[in-house]
Amino acid sequence: LKVSSQLVEVRRTCLVDSGRAFDMGAGDSKCLNVHELLMKIDAGEADAVEDCWKHLDKDGSGTLEGDEAKKCIKSVIREVQLNVDELPPESLKKLVAAAVPFFVAKSLDPDGDLKITQEEFTTRIMAAMAPQ
């Protein structure tokens, strides 16, 4: 999928559902809803993501750090979880295809050392699949 690498950046920037901006302190955010944003990315329109980024990167440093980054990540996770059922099937498939590899890698090998014991595997699978 050509959208998968770009979608990772979208997850870190600004997804919006039904025209309602995430509560990231973006004020008058001009971000699109999730489906519209995914469609624009798939069409190669990086401007949609850049517009969202401008609202998130308040100091213009090019980096979200500390509380600003935490708030962004938490807000994106919350909004995707709350609105995943409303995504069209094609957008949902793209989201899953982009997110699952990162989720699995981080869940099974959180330190990235490419060593997983049977005990770690069992514990981490159980934790990853536990109800939230």
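This is a predicted model: local features need pLDDT of at least 70, side-chain atom pairs count only at pLDDT 80 or more; totals for chains, interfaces and linings use all residues.
Which side chain of opposite charge is nearest to Asp109, a buried residue that has no salt bridge?

Residues are numbered from 1 along each chain as its sequence is written, and side-chain values use heavy atoms, with hydrogens and water left out.

I begin with the overall fold. The protein has 6 helices and 0 strands, and its pattern along the sequence reads α-α-α-α-α-α. Helices here are DSSP runs of H or I with at least four residues, strands are runs of E with at least two, and numbering starts from the N terminus. Of the 132 residues, 32% are buried; buried means under 20% relative accessible area, exposed means over 50%, and partly exposed lies in between, with a 1.4 Å probe and protein chains only. The accessible surface comes to about 8,600 Å², and carbon and sulfur atoms account for 57% of it. These areas come from the Shrake-Rupley method with a 1.4 Å probe, and for residues only the protein chains shown count as cover. Among contacts (heavy atoms within 4.5 Å) between residues at least 6 apart in sequence, 57% join residues at least 24 apart.

The largest nonpolar core has 8 residues: Leu56, Leu64, Ala69, Cys72, Val76, Val80, Leu87 and Leu95. Helix H4, residues 66–83, gives the most to this core, with 4 residues. A nonpolar core is a set of buried Ala, Val, Leu, Ile, Met, Phe, Trp, Tyr and Cys residues joined through side-chain atoms within 4.5 Å. Ala69 lies in helix H4 and counts as buried because its relative accessibility is 17%. Ala69 and Asp57 are 12 residues apart in sequence, with their C-alpha atoms 9.4 Å apart in space.

I now return to Asp109. Asp109 sits in the loop between H5 and helix H6 (118–129). The nearest side chain of opposite charge is that of Arg124, 5.0 Å away. For charge, Lys and Arg count as positive and Asp and Glu as negative, whereas His and the chain ends are not counted. A salt bridge requires a side-chain nitrogen of Lys or Arg within 4 Å of a carboxyl oxygen of Asp or Glu. Leaving out residues up to four places away in sequence, Asp109 touches Val104, Leu114, Lys115, Ile116 and Arg124.

In one, Arg124 pairs with Glu120, the closest N and O atoms being 3.6 Å apart. Glu120 and Arg124 are separated by about one helical turn, because they are 4 residues apart in helix H6. Glu120 is partly exposed, at 26% relative accessible area. Lys40 and Glu45 also meet in a salt bridge, at 3.3 Å from N to O. Lys40 is partly exposed at 30%, as is Glu45 at 38%.

Finally, the surface. Val96, Val100, Phe103 and Val104 make a nonpolar surface patch of about 310 Å². Patches consist of residues with over 30% relative accessible area and no salt bridge; like charges are joined within 9 Å, and nonpolar side chains (Val, Leu, Ile, Met, Phe, Trp, Tyr) within 5 Å. Val100 belongs to helix H5, residues 89–108, and is partly exposed, with a relative accessible area of 39%.
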